[in-house]
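Trainee: Could we go through this structure together, one question at a time? I would like to see how each answer is reached.

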Amino acid sequence: MNSTTSLALVSVAGKLSYPPRHSAFTQTFWNGLRSGLWQTTCCEDCLKLTFPPKPVCPHCWSTRVAWRPLGSVGTLYSWTRIHAAPAAFAGEAPYAVGIVDLDDGVRLACRLTETEDFVLTPGQPVEMLVLLYEDGPLFAARPVQGPA
Ligand SMILES: [Zn+2]
């Protein structure tokens, strides 16, 4: 597939409205994301991926987990546009968020960035990207042309 593990980096003016929590364990994820590295944890016993990354496999409770690159492409499962935002995000409204099914089998929720070239609709092919705020990275998805 056309998936890569180095995500496009898009600079965003200003600071994160609600910075994600970083734990000692997930710091690896956030540090990598800053330079476009898209990865999560994979269980070395049952071989299942977990997102967000976790030090214990939620499928079989194994603690033998390893970092593994994630594919960047997937499909939009569902989405919405938020007009009445929580206070922390009020300055960014309206904005779109969605649920993405990555081709790797991981389902995640994230911000969606929009262009006039695509209509957001379930089934729309998307790719992950990194929004680089002044104080840290955030992963997001944007619609892309599907495979011909
Ligand atoms: Zn497992």
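Trainee: Which residues coordinate the zinc ion?
Mentor: Happy to start there, and please keep in mind that this is a predicted model. The donor atoms are SG atoms, placed at 2.3 to 2.4 Å from the zinc ion. They belong to Cys43, Cys46, Cys57 and Cys60.

Trainee: What spacing do the donors of the zinc ion follow along the chain?
Mentor: Take the four positions, Cys43, Cys46, Cys57 and Cys60, in chain order. Written as a pattern, the spacing of these donors is C-x2-C-x10-C-x2-C.

Trainee: And what geometry does the site of the zinc ion have?
Mentor: The angles among the four donor atoms run from 104 to 118°. Four donors count as tetrahedral if all angles lie between 85 and 135 degrees. The site of the zinc ion is therefore tetrahedral.

Trainee: Is Cys43 buried or exposed?
Mentor: The cut-off for buried is under 20% relative accessible area. Cys43 has 2%, whereas Cys46, at 27%, counts as partly exposed. Because its value is 2%, Cys43 is buried.

Trainee: Which strands are the edge strands of the open sheet?
Mentor: Three strands form this sheet, in the order β3-β2-β4, with antiparallel pairing. An edge strand here pairs on one side only. That gives β3 and β4.

Trainee: How many bridges join β2 to β4?
Mentor: These two strands run antiparallel. As an example of facing residues, Gln39 stands opposite Pro69 in β4. The number of bridges between β2 and β4 is five.

Trainee: Leaving aside its neighbours within four places in sequence, which residues is Thr50 in contact with?
Mentor: Thr50 sits in strand β3, residues 49-50. With 6% relative accessibility, Thr50 counts as buried. Once the neighbours within four places are set aside, its contacts are Thr40, Thr41, Pro58 and His59.

Trainee: Which residue is joined to Pro52 by a cis peptide bond?
Mentor: Pro52 is in the loop between β3 and β4. The omega angle of the bond in question is about 0°. The partner of Pro52 in this cis bond is Phe51.

Trainee: What is omega for the cis peptide bond of Ala93 and Pro94?
Mentor: Pro94 belongs to the loop between β5 and β6. The bond that joins Ala93 to Pro94 is cis. Its omega is about -5°.

Trainee: Where is Leu47 found, and what is its phi?
Mentor: Leu47 is in the loop between β2 (39-43) and β3. With a relative accessible area of 63%, Leu47 is exposed. Its phi is positive, although Leu47 is a residue other than glycine, and the value is near 70°.

Trainee: Is Trp61 buried or exposed?
Mentor: Trp61 lies in the loop between β3 and β4, and has a positive phi near 70°. Its relative accessible area is 65%, and the cut-off for exposed is over 50%. So Trp61 is exposed.

Trainee: Which residue is the bridge partner of Thr80 in β6?
Mentor: Look at β5 (73-82) and β6 (residues 95-102). Eight bridges join β5 to β6, and the two strands run antiparallel. The partner of Thr80 in β6 is Val97.

Trainee: Which residue in the turn between β6 and β7 has a positive phi?
Mentor: β6 pairs with β7 (residues 107-112) in the antiparallel sense over six bridges, and Ala96 has Leu112 in β7 as its bridge partner. The two strands form a hairpin with four residues between them. The turn residue with a positive phi, about 100°, is Gly105.

Trainee: Which element gives the most to the lining of the largest pocket?
Mentor: This pocket holds about 770 Å³ of space. Of the 28 lining residues, those closest to its centre are Pro20, Arg21, Trp30, Leu138 and Phe139. α1 (27-33), β6, β7 and β9 (136-143) each supply at least two residues of the lining. The element that gives the most, with four residues, is β7.

Trainee: Last one: what separates the C-alpha atoms of Gly71 and Ile99?
Mentor: Gly71 lies in the loop between β4 (65-69) and β5, and counts as buried at 9% relative accessibility. Gly71 and Ile99 are 28 residues apart along the chain. The separation of their C-alpha atoms is 16 Å.

Notes:
Residues numbered from 1 in each chain as written. Predicted model: local features only at pLDDT ≥ 70, side-chain atom pairs only at ≥ 80, totals over all residues. Heavy atoms only, no water. Donors = N, O, S within 2.8 Å, 3.2 Å for Na, K, Ca; no water. Tetrahedral: all angles 85-135°; square planar, octahedral: opposite > 155°, others 65-115°. Buried < 20%, exposed > 50% of the residue type's maximum accessible area, 1.4 Å probe, protein only. Contact = heavy atoms within 4.5 Å. Pairing = 2+ DSSP bridges. 1 Å grid on protein atoms, 1.4 Å probe; cavity = no way out; pocket = protein on both sides within 12 Å on 5 of 7 lines; lining within 4 Å. Points joined across faces, edges and corners; volume = space filled by probe spheres on them.
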